[in-house]
Amino acid sequence: MQMPMQKLEFDNLPEKIDMLVCDVNLNPKVVIPQLRRFVKMRKGISKMYYTLKIGKWTSVDELPIFLKMIERIGFFKVIRATQLPSDHSEILIYASRYDE
């Protein structure tokens, strides 16, 4: 879909979604509330990959805060974060609602 994530509505999303993948160059304080909104719209989302950008909006020191925000969405069984080699300015977060 070619639209800002803030404009996505219930009817824009496929009926069944198992996994959410998010790689946008936006402030995590804007992105994470949108991820929460998508999860509320589609209860079947059980896994999530999110590329968190470090630098312009946030620092590595804030990572625990963002991981806690993701946990509060309901992804509390597995949360992993790893720094990506690309410029060392991105952290890939994997989260799941279930044990694996």
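Author: Asp 23 and Lys 53 meet through their side chains in a salt bridge, with N to O at 2.9 Å; the term denotes a side-chain nitrogen of Lys or Arg within 4 Å of a carboxyl oxygen of Asp or Glu. This pair links distant parts of the chain, Asp 23 being in the loop between S1 and helix H1 (28-41) and Lys 53 in strand S2, 30 residues apart. Helices (H or I, at least four residues) and strands (E, at least two) are DSSP runs, numbered from the N terminus. The model is a predicted one, in which local features need pLDDT of at least 70 and side-chain atom pairs count only at pLDDT 80 or more, while totals for chains, interfaces and linings use all residues. Residues are numbered from 1 along each chain as its sequence is written, and side-chain values use heavy atoms, with hydrogens and water left out.

Glu 90 joins Asp 23 and Lys 53 in a network of salt bridges. Glu 90 belongs to strand S4 (residues 90-96) and is buried, at 18% relative accessibility. Its side chain makes a polar contact of 2.5 Å with that of Lys 53. A polar contact is a pair of N or O atoms within 3.5 Å; within protein, one must be able to donate a hydrogen and the other to accept it, and residues adjacent in sequence count only if both atoms are side-chain atoms. Leaving aside residues up to four places away in sequence, Glu 90 touches Asp 23, Thr 51, Leu 52, Lys 53, Thr 82, Gln 83 and Leu 84, where contact means heavy atoms within 4.5 Å.

The count of salt bridges comes to five. One of them joins Glu 71 and Lys 68, at 3.3 Å from N to O. These two residues are separated by about one helical turn, because they stand three residues apart in helix H2 (residues 63-73). Glu 71 is partly exposed at 33%, and Lys 68 is partly exposed at 39%. Asp 18 also forms a salt bridge, its partner being Lys 16, with the closest N and O atoms 3.6 Å apart. Asp 18 counts as partly exposed at 42% relative accessibility, and Lys 16 as exposed at 67%.

Charged groups also meet aromatic rings. Arg 42 lies over the face of Phe 10, 4.0 Å from the ring centre, and the charged end of Arg 97 sits over the ring of Phe 75, 5.1 Å from its centre. The criterion is that NZ of Lys or CZ of Arg is within 6 Å of the ring centre and within 35 degrees of the ring normal.

The ring centres of Tyr 49 and Tyr 94 are 4.9 Å apart and their planes stand at 45 degrees, so the pair is tilted. Rings of Phe, Tyr and Trp (its six-membered ring) pair if their centres lie within 6.5 Å; planes under 30 degrees apart count as stacked, over 60 as edge-to-face and the rest as tilted. Tyr 49 is partly exposed, at 31%, while Tyr 94 is buried, at 10%.

Notes:
Buried means under 20% relative accessible area, exposed over 50%, partly exposed in between (1.4 Å probe, protein chains only).
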